[in-house]
Amino acid sequence: MHMMSITRRVAIAAISGFALVACGAADSQDRAQSTSGPAEGLQPGDRALGSADAPVTLIEYASITCPHCATFHQTVLPSIKEDYVATGKVRFVFRDFPTAPANIAIAGFALARCQGDDASYFAILDDLFENQAGILSAARAGAAKGALQAVGQRHGLETEEAFDACLQDNDVRREIADVVGYGDANGVTSTPTLFINDRRIERNEEWFTPEGLSAIIDRELGVEPAPAETEAPAEAEDGTAE
């Protein structure tokens, strides 16, 4: 599976450049350069679903412009949310990690953060992943703002003024820069990247399916895998087992 890669220099430059375009500020870069934090546990700027007492913490670094991230959110994560997050077994933490086109990713993450609470954040995040192809197509045609505004309007940012104010919010950009800093501190260079209870889930661990990731989570929970089903011996015509 090919992941989308990003370096810290590219990510921070993108956030700084976005800040300069939006409101003439570039202080996000200095803040991000001094940020570090462990993979496990909530950090400032993190967004999370599930119980704080869950025995397993699953952290994802991803970008709303990363096709593999969209696939993961649409085909793998729903069952994990239902079977583990909703049942109190897993706390899911999402960390913004913008990939190219970085300005589009940063703008999308800003939209998600502007509505404040975690529920709204994840609702907008799901919308962005679901409409990723259309947003990127609009961006290639020079119409990214309209596509992103449409997302904002579906979630309460109804006017262009509200949309522009969101993208110009220094605190929001600082939060995104902080989260990129956490990724850098933990050696994240591509998306999606997952950690489970402070351990990176390696690419060879077959986690890109609901069954594969469930098996990894179950091992972390100490759940024994179900025994493989074996076929009953076929019976011969006289009723004896062959």
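Is phenylalanine 109 buried or exposed? In this predicted model, phenylalanine 109 is buried, because its relative accessible area is 0% and anything under 20% counts as buried.

**View 1. Here's the largest nonpolar core.** This core has 50 residues, and Leu58, Phe94 and Leu213 touch the most other members.

**View 2. Now zoom in on leucine 213.** Skip the neighbours within four places in sequence, and leucine 213 is still in contact with Leu58, Phe72, Val76, Ile80, Leu194, Ile201, Glu206 and Trp207.

**View 3. Phenylalanine 94 pairs up with phenylalanine 109.** The whole structure holds 10 aromatic pairs. In this one, the ring centres sit 6.1 Å apart and the planes meet at 50 degrees, so we call the pair tilted. Phenylalanine 94 belongs to strand β4 (residues 90-96) and phenylalanine 109 to helix α5, so the pair links parts of the chain 15 residues apart.

View 4. Phenylalanine 129 sits in helix α6 (residues 118-130), 35 residues away from phenylalanine 94 in the chain. Phenylalanine 129 is buried too, with a relative accessible area of 3%.

**View 5. Step back to see the ring cluster.** Ring pairs join Phe92, Phe94, Phe109, Tyr121, Phe122 and Phe129 into a cluster.

Note on methods:
Residues are numbered from 1 along each chain as its sequence is written. This is a predicted model: local features need pLDDT of at least 70, side-chain atom pairs count only at pLDDT 80 or more; totals for chains, interfaces and linings use all residues. Side-chain values use heavy atoms; hydrogens and water are left out. A nonpolar core is a set of buried Ala, Val, Leu, Ile, Met, Phe, Trp, Tyr and Cys residues joined through side-chain atoms within 4.5 Å. Buried means under 20% relative accessible area, exposed over 50%, partly exposed in between (1.4 Å probe, protein chains only). Contact means heavy atoms within 4.5 Å. Rings of Phe, Tyr and Trp (its six-membered ring) pair if their centres lie within 6.5 Å; planes under 30 degrees apart count as stacked, over 60 as edge-to-face and the rest as tilted. Helices (H or I, at least four residues) and strands (E, at least two) are DSSP runs, numbered from the N terminus.
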